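Please walk me through this structure.

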Amino acid sequence: MADLKLEHVTKRYEDVTAVKDMNLDISDGEFICFVGPSGCGKSTTMETIAGLTIPTEGSIYIDDREVTNLPPKDRGIAMVFQNIALFPHMDVYDNISFGLRLRDYPQDEIDRRVDRAADIVQLEDMLNRMPDEMSGGQRQRVAIARAIVREPDVFLMDEPLANLDAKLKVHMRTELQRLHKELDTTIIYVTHDQEEAMTMSDRIAVLNDGQLQQIAAPLTCYNEPDNLFVAGFIGSPSMNLVEGTVSNNAVETENFSVEFDPATIEGIGPGDDVTLGVRPEDVYPAEEATELAHPSGTIGARSDVLEPMGDEIFVYLLLGDGETSMSQETATDDQLLMSIDPDSDMAEGDDIEVVLDRQNIHLFDNETGDALTHRIAEMAGESEASTTQAETGD
């Protein structure tokens with residue numbers, strides 16, 4: 001086990017900067033996921049940690065030992081790749097033990113490590129099988145066992161589940177979480193799959209254009225995104241984002257306004273251009289919002305497309321004169337996405353009124369993209385009323 005630190009790591013390829021001034025502190029035993037769109041720098045960052053590429057600037061430390069210029073074999077790391085790359089002519093035992101045999105480990109030590117790794121990934125009865133006699137998930141476990149026998153300080157996993165089908169991915173996510181608990185080791189995991197990141201990691205590092213946007217617990221990234229990029233990237237479907245302007249007592253958008261007192265939030269004042277963010281689960285049909293402590297005013301809309309998902313229905317709403325929503329990828333200020341109960345009798349084309357939960361409305365600075373607040377529940381007088389209620393017990 002080991003902690004890991006990146007200090008001002010930058011990687012340039014001629015006129016392209018793949019990683020920009022990356023600073024990371026990863027604690028011993030943490031499970032960290034790197035997420036971001038294609039080309040964001042997550043795999044390049046992983047490769048600099050592994051020693052597969054040398055950073056243009058900056059330093060890398062594993063357990064307080066600088067490894068910036070060391071070859072991969074001397075860093076105390078083991079990698080699991082998207083491409084499993086097993087030797088097809090070797091059985092499971094030989095695939096797992098190959099690296100140990102190259103390093104001339106004693107046979108009894110090789111046997112001990114292979115038996116332990118096979119037991120951890122539940123392959124103890126398959127050591128004599130050939131790769132072509134195994135399922136995709138079993139072959140992936142062979143690749144993980146091959147990394148385990150190294151007994152590394154840090155595991156690096158670069159999209160190891162990307163080639164598996166959906167059901168097998170869910171199973172292997174569970175296996176990796178169990179593996180992390182059993183080994184109690186540091187794992188850095190690259191993925192573009194938000195479900196993997198949200199369900200497996202202790203913290204998520206969100207990257208974009210080679211820069212670290214936020215590193216925090218999964219639910220913190222979801223509920224308290226640091227900026228517009230994280231707000232729009234984390235969550236599937238993504239957060240509704242609507243541009244507006246702050247007035248004396250509201251955020252005014254093209255098709256609706258949400259009242260609040262700007263004086264209750266530092267850094268916000270009348271005339272400021274902001275982006276209002278609200279997640280689909282915080283948009284409610286007006287008749288179902290009676291229990292909300294701080295609902296917005298009603299917003300007129302028309303249901304355009306309904307997507308039943310089993311445990312919920314996503315409703316694409318048209319606001320004002322909006323004619324078609326198409327998809328969340330092409331969403332505009334004329335649209336909102338709402339999540340409703342699967343038993344709802346709402347139909348496409350219905351004219352409805354919706355409200356927003358102001359306790360879960362986010363505001364972002366249009367110029368910098370930085371988050372200004374993650375709730376605008378307090379109106380002038382509401383804070384005093386809440387305090388009075390708390391004191392009197394009413």
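A salt bridge is a side-chain nitrogen of Lys or Arg within 4 Å of a carboxyl oxygen of Asp or Glu. This is a predicted model, with residues numbered from 1 along each chain as its sequence is written. Local features need pLDDT of at least 70, side-chain atom pairs count only at pLDDT 80 or more, totals for chains, interfaces and linings use all residues, and side-chain values use heavy atoms, with hydrogens and water left out.

## Salt bridges

Side chains of opposite charge can pair when their charged atoms come close. The structure holds 13 salt bridges. The table gives some of them.

| Pair | N to O distance |
|---|---|
| Glu109 and Arg112 | 2.7 Å |
| Arg113 and Glu151 | 3.7 Å |
| Asp193 and Lys169 | 4.0 Å |

Glu109 and Arg112 both sit in helix α3, which covers residues 107-120. They are three residues apart, about one turn of the helix. Helices (H or I, at least four residues) and strands (E, at least two) are DSSP runs, numbered from the N terminus. An α-helix has 3.6 residues a turn, so residues three or four places apart point the same way.

Burial comes next. Buried means under 20% relative accessible area, exposed means over 50%, and partly exposed lies in between (1.4 Å probe, protein chains only). Arg112 is partly exposed, at 38% relative accessibility.

Arg113 forms a salt bridge with Glu151. Arg113 belongs to helix α3 and Glu151 to the loop between α4 and β7 (154-158), so the pair ties together parts that are 38 residues apart in sequence. Arg113 is buried, at 11% relative accessible area. Glu151 is partly exposed, at 37%.

Asp193 and Lys169 make another salt bridge. Asp193 is in the loop between β8 (186-190) and α6 (194-200), while Lys169 is in helix α5, so this pair ties together parts 24 residues apart in sequence. Asp193 counts as buried at 17% relative accessibility. Lys169 counts as buried too, at 14%. Through shared partners, salt bridges join Glu109, Arg112, Arg113 and Glu151 into one network.

## Helix α2

Helix α2 spans residues 92-102. Its buried residues are Val92, Tyr93, Asn95, Ile96, Ser97, Gly99 and Leu100. These buried residues pack against α3 and α4. Asp91 caps the N-terminal end of α2. A side-chain oxygen of Asp91 lies 3.3 Å from the backbone nitrogen of Tyr93. Just after α2, Asp104 takes a positive phi of about 60 degrees.

## A cavity

A cavity is found on a 1 Å grid over the protein atoms alone: it is a set of points where a 1.4 Å probe fits but cannot get out, and lining residues have an atom within 4 Å of a point. Grid points are joined across faces, edges and corners, and a volume is the space filled by probe spheres set on the points.

How many cavities of 30 Å³ or more does a search of the whole structure find? It finds one. The largest cavity has a volume of about 50 Å³. Its lining is made by Ile120, Val121, Arg141, Ile144, Met172, Glu175, Leu176, Arg178 and Leu179. The elements that give two or more residues to this lining are α4 (136-148) and α5 (166-183). The largest share, five residues, comes from α5.

Leu156 is in strand β7. Leu156 is buried, with a relative accessible area of 0%. Contact means heavy atoms within 4.5 Å. Not counting residues up to four places away in sequence, Leu156 touches Met46, Ile49, Ala50, Ile77, Ala78, Met79, Val80 and Ile188.

The protein chain has nine helices and 21 strands. Its C-alpha trace spans about 75 × 50 × 45 Å along the principal axes. Of its 394 residues, 49% count as buried. Among contacts between residues at least 6 apart in sequence, 65% join residues at least 24 apart.

## Backbone details in loops

A cis peptide bond joins Ser236 and Pro237, with omega about 0 degrees. Pro237 is in the loop between α8 (228-233) and β11 (240-246).

Glu14 has a positive phi, near 55 degrees, and is not a glycine. Glu14 lies in the loop between β1 (4-13) and β2 (16-26). Glu14 is exposed, at 82% relative accessibility. Asp209, not a glycine either, has a positive phi of about 55 degrees. Asp209 is in the loop between β9 (203-208) and β10 (211-216).

Note on methods
1 Å grid on protein atoms, 1.4 Å probe; cavity = no way out; pocket = protein on both sides within 12 Å on 5 of 7 lines; lining within 4 Å. Polar contact = N/O pair within 3.5 Å; in protein donor to acceptor, adjacent residues only side chain to side chain.
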